[in-house]
Amino acid sequence: MKTISRTKIVDVLKSDAFGTTVNVKGWVRTRRGSKQVNFIALNDGSTINNVQIVVDVEKLGEENLKPITTGACISVNGTLVESQGKGQNAEIQALEIEIYGTADPETYPLQKKGHSLEFLREIAHLRPRTNTFGAVFRIRHNMAFAIHKFFHDRGFYYFHTPIITASDCEGAGQMFQVTTLNMYDLPKDENGAISYETDFFGKEASLTVSGQLEGELAAMALGAIYTFGPTFRAENSNTPRHLAEFWMIEPEVAFNEIKENMDLAEEFIKYCVQWALDNCTEDIRFLNDMFDKELISRLESVLKEDFVRLSYTEGVKILEEAVLKGHSFEFPVFWGADLASEHERYLVEVHFKRPVILTDYPKEIKAFYMKQNDDDKTVRAMDVLFPKIGEIIGGSQREEDFDKLKKRAEEMGLPEKDIWWYLDTRRFGTAPHAGFGLGFERLLLFVTGMANIRDVIPFPRTPKNADF
């Protein structure tokens, strides 16, 4: 086969260099036709659209074409011509075809028919080849790029926090342990507790649930930083909204207080949504048509208006009034309750009909590091609530007062010996500062319109599932 530099299909479909010879490579989506002419739909992942390869059967040989079935990988040299059919600008008249790999039509699971998303999770190694997951993962890439660009353009520094940690940022205790100890013969101390002295780190270590605490250390030196990496939570939640391994974006900014924190969160998430609409148009249009007819209008709606800013206390009053008027919630509503997704979505989708930033939560349901308000009952927490998702961002102004932070940590069972390094930033040159965390997959759920968080990450990790 004659050597010609490969052109990506996304570029071929935009080209008007008709009459030139091009090379494309990719995987066969379908092959159809007659004894005289075959039509191969070829895709290489660069776009949701396939390029049509027109094949003269007699010229290339019927026997040579038999292995070219759905799923096969081929290289095609051909003449770029103006498409005779609707829907695309160009197609290729094949001159030569080389088969890189075949796909047994009897066993290849991605035949030309509709497949359920549940079935596709069972073949996660192949699902990126489908239109749906090709679109989702191209959008995932674009969102990651947009996040880095947003922060870089605003003078933030990308800071790498550890994946292995000895601290539990949230105090929830739902962490995956990391150890080199022999699980069949664990060393014990005189009280029968596991001794970690001979373990790799000499102490109990786990996979991180957040890079926030270390991010705060960096913000106290570099001014404005963000983390973007994998985090882990050993929460036995088999729901469409939870993963055991997920990605978090966590900016931390010195001298920001709660208002600036809310401003940053709103600007950030609007930037990401606008980026998706501008740069993932075809993929989002496909997902809108296939899965969620309101996707594009919902994305556009969050850009049109300012987010509502509402105190937790005011939010609870609205929810209690809704109950009095006959609205039914599965979980009870009262001041001090940790609001459920149904409560958050009621505020966003029913009452205000736009995103809400809820602030000033009861301190008893929030983490030890959040700045305490003067009422001694609430803290300067903030959650950004979105339609269909509920909480998409959680953050706060951090407590910069050493004595208050130390006392609150003790109240919540976090001894000073475990967080002495964190307290040091309040001991040496403390300053007001704030930050938040955005769950990357939660953002992707909103931008793609997918209903299950397992469908916006390539290889989901959930209870009883660590395949691939």
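Which residue in β11 is the bridge partner of Thr 227? The partner is Glu 250. The model is a predicted one, and what follows is computed from its atoms.

Of the ten residues in β11, eight are buried, so the strand is mostly covered.

These strands sit in an open sheet of eight, in the order β6-β10-β11-β16-β15-β14-β13-β12, with mixed pairing. At its edges are β6 (157-158) and β12 (308-311), each of which pairs on one side only. Helix α10 (residues 312-324) packs on this sheet and touches both β12 and β13 (356-362). The direction of α10 makes about 90 degrees with that of β12.

**Strand β4 and its neighbours**

Strand β4 (residues 73-82) is mostly covered, with nine of its ten residues buried. β4 has an antiparallel pairing with strand β1 (residues 21-33) over seven bridges, in which Val 24 has Val 76 of β4 as its bridge partner. Strand β5 (residues 90-101) is joined to β4 by ten bridges and also runs antiparallel to β4. In that pairing, the bridge partner of Leu 80 is Ile 92 of β5.

The pairings described so far are collected below.

| Strand pair | Sense | Bridges | Residue pair |
|---|---|---|---|
| β1 and β4 | antiparallel | seven bridges | Val 24 and Val 76 |
| β4 and β5 | antiparallel | ten bridges | Leu 80 and Ile 92 |

**Helix α5 and its two partners**

Helix α5 (residues 131-153) packs against helix α8 (residues 281-290) at an angle of about 135 degrees, and their axes are 9 Å apart. That angle makes α5 oblique to α8. The crossing of these two helices is left-handed. On the α5 side, the contact is made by Asn 131, Thr 132, Ala 135, Val 136, Arg 138 and Ile 139, which meet Asp 283, Ile 284, Phe 286 and Leu 287 of α8. Sorted by class, this contact has six nonpolar, two polar and two charged residues.

What is the handedness of the crossing in which α5 passes α14? It is a right-handed crossing. The axes of α5 and helix α14 (residues 440-448) come within 10 Å and cross at roughly 120 degrees, and the two helices are therefore oblique to each other. From α5, the residues in contact are Val 136, Ile 139, Arg 140, Met 143, Ala 144 and Ile 147, and from α14 they are Phe 440, Glu 441, Leu 443, Leu 444, Val 447 and Thr 448. By class, the contact of α5 with α14 comprises nine nonpolar, one polar and two charged residues.

**Met 290 in α8**

Met 290 lies in helix α8. Is Met 290 buried or exposed? Its relative accessible area is 52%, and because exposed means over 50%, Met 290 counts as exposed. Met 290 and Ile 147 are 143 residues apart in sequence, and their C-alpha atoms are 27 Å apart in space.

**The whole chain**

The protein's secondary structure comes to 14 helices and 16 strands. Its C-alpha atoms fill a box of roughly 85 × 60 × 45 Å along the principal axes. Of its 468 residues, 50% count as buried. Among contacts with a separation of 6 or more, 67% are between residues 24 or more positions apart.

Notes: Residues numbered from 1 in each chain as written. Predicted model: local features only at pLDDT ≥ 70, side-chain atom pairs only at ≥ 80, totals over all residues. Heavy atoms only, no water. Axes fitted to C-alpha atoms, helices over the stretch in contact; angles between N-to-C directions. Helix = DSSP H or I, 4+ residues; strand = E, 2+ residues; numbered from the N terminus. Parallel < 35°, antiparallel > 145°, perpendicular 65-115°, else oblique. Left-handed = near helix turned anticlockwise from the far one by under 90°. Contact = heavy atoms within 4.5 Å. Nonpolar A, V, L, I, M, F, W, Y, C, P; charged D, E, K, R; others polar. Pairing = 2+ DSSP bridges. Buried < 20%, exposed > 50% of the residue type's maximum accessible area, 1.4 Å probe, protein only.
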